[in-house]
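Please look over the sequence and the model shown here.

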Amino acid sequence: MTDKNEKSVAELVFDVSQSTSTLIREEVELAKAEVTEKVTKLLRGSAVGAAAGVFAFLALILIMHGIAWLLNEEVFDNFWAGFFVEAAVFLLIAAAAGWFAYRSLKAGSPPVPEQAIAEAKRIRETIEGEDSQPTVTPHAPPATTPHAPTTTQPLPPPPPPGTGR
C-alpha cells in the first residue's frame, strides 16, 4: 500500500471513532433528558398526592366535627348538615387530586430512558447487520484469480458497557 492509501484509511478510522464518540455522547444526553422528564412527572404526581392527603385530612376533621354536631342535634339543634356538605366537597377535591396523582405517577414510573434504549438497540442492530456482511475494500483490483482478496475482515463489535474491558 502507498502512504496515500494508509493516510486515507487512518483518516477514515479517526472519523469513525470521532463519530462513534459523538453518537455515544448524544445517546447519554438523550437518556439524561428522558430520566429528568420522568422524575419531574414523578415529583409533580407526588406533590399532588400530598395535596390529596391534606384535603383528605381536612375532610376527616370536618367529618369529626359533623359527627359531634350530629350528636349535638340529637340532643339540641339542627346544625350538623352544613359540616357534612363541606366534608363531601373536600372529599371530592381529594378524590380528584388523588386520581390526578395516580395518573401522573403511573405515566412517569419507572424512570427508564425508553427512547434512548430503543435508539441504542437500533444502532446495535445496524452495526451487527453491517458486521455480518463482508466489507469491500475501496481500491481493490477486480478478482481475477481465486487468491485475490476482495474483502477485508470486519472489526469485532465493541464490548457491551460495564464489562470492564
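## Burial and accessible surface

Of the 165 residues of the protein chain, 12% count as buried, where buried means under 20% relative accessible area, exposed means over 50%, and partly exposed covers the range in between (1.4 Å probe, protein chains only). The chain exposes about 12,800 Å², and carbon and sulfur atoms supply 67% of that area; accessible areas come from the Shrake-Rupley method with a 1.4 Å probe, and for residues only the protein chains shown count as cover.

This is a predicted model, in which local features need pLDDT of at least 70 and side-chain atom pairs count only at pLDDT 80 or more, while totals for chains, interfaces and linings use all residues. Residues are numbered from 1 along each chain as its sequence is written, and side-chain values use heavy atoms, with hydrogens and water left out.

## Layout of the chain

The protein chain has 3 helices and 2 strands, and along the sequence these follow the pattern α-α-α-β-β. Helices (H or I, at least four residues) and strands (E, at least two) are DSSP runs, numbered from the N terminus. Among contacts between residues at least 6 apart in sequence, 71% join residues at least 24 apart, a contact being heavy atoms within 4.5 Å.

## Salt bridges

Side chains of opposite charge can pair when their charged atoms come close. Here a salt bridge is a side-chain nitrogen of Lys or Arg within 4 Å of a carboxyl oxygen of Asp or Glu, and by this rule the count comes to 5 salt bridges. One of them joins the side chains of Lys32 and Glu29 at 3.8 Å, N to O; both residues lie in helix H1, 3 residues apart, about one turn of the helix. Glu29 counts as partly exposed because its relative accessibility is 48%.

Another salt bridge, between the side chains of Glu114 and Lys38, has an N to O distance of 3.4 Å. This pair links distant parts of the chain, with Glu114 in helix H3 (residues 114-132) and Lys38 in helix H1, 76 residues apart. Lys38 has a relative accessible area of 13% and is therefore buried. Within helix H3, the side chains of Arg122 and Glu119 meet at 2.8 Å, N to O, and because these two residues are 3 apart, about one helical turn separates them. Arg122 is partly exposed at 46% relative accessible area, and Glu119 is likewise partly exposed, at 28%.

## Positions in helix H2

Ser104 is found in helix H2 (residues 81-108) and, with 11% relative accessibility, counts as buried. Leaving aside residues up to four places away in sequence, Ser104 touches Lys41 and Gly45.

Gly98 is also found in helix H2, where a relative accessible area of 28% makes Gly98 partly exposed. Gly98 and Gly49 are 49 residues apart in sequence and 5.5 Å apart in space, C-alpha to C-alpha.

## A nonpolar surface patch

Which residues form a nonpolar patch on the surface? Val54, Phe57, Leu58, Leu60, Ile61 and Met64 do so, with about 540 Å² of accessible area together. Patches are made of residues with over 30% relative accessible area and no salt bridge, like charges being joined within 9 Å and nonpolar side chains (Val, Leu, Ile, Met, Phe, Trp, Tyr) within 5 Å. Val54 lies in helix H1 (residues 3-75) and counts as partly exposed, at 48% relative accessibility.
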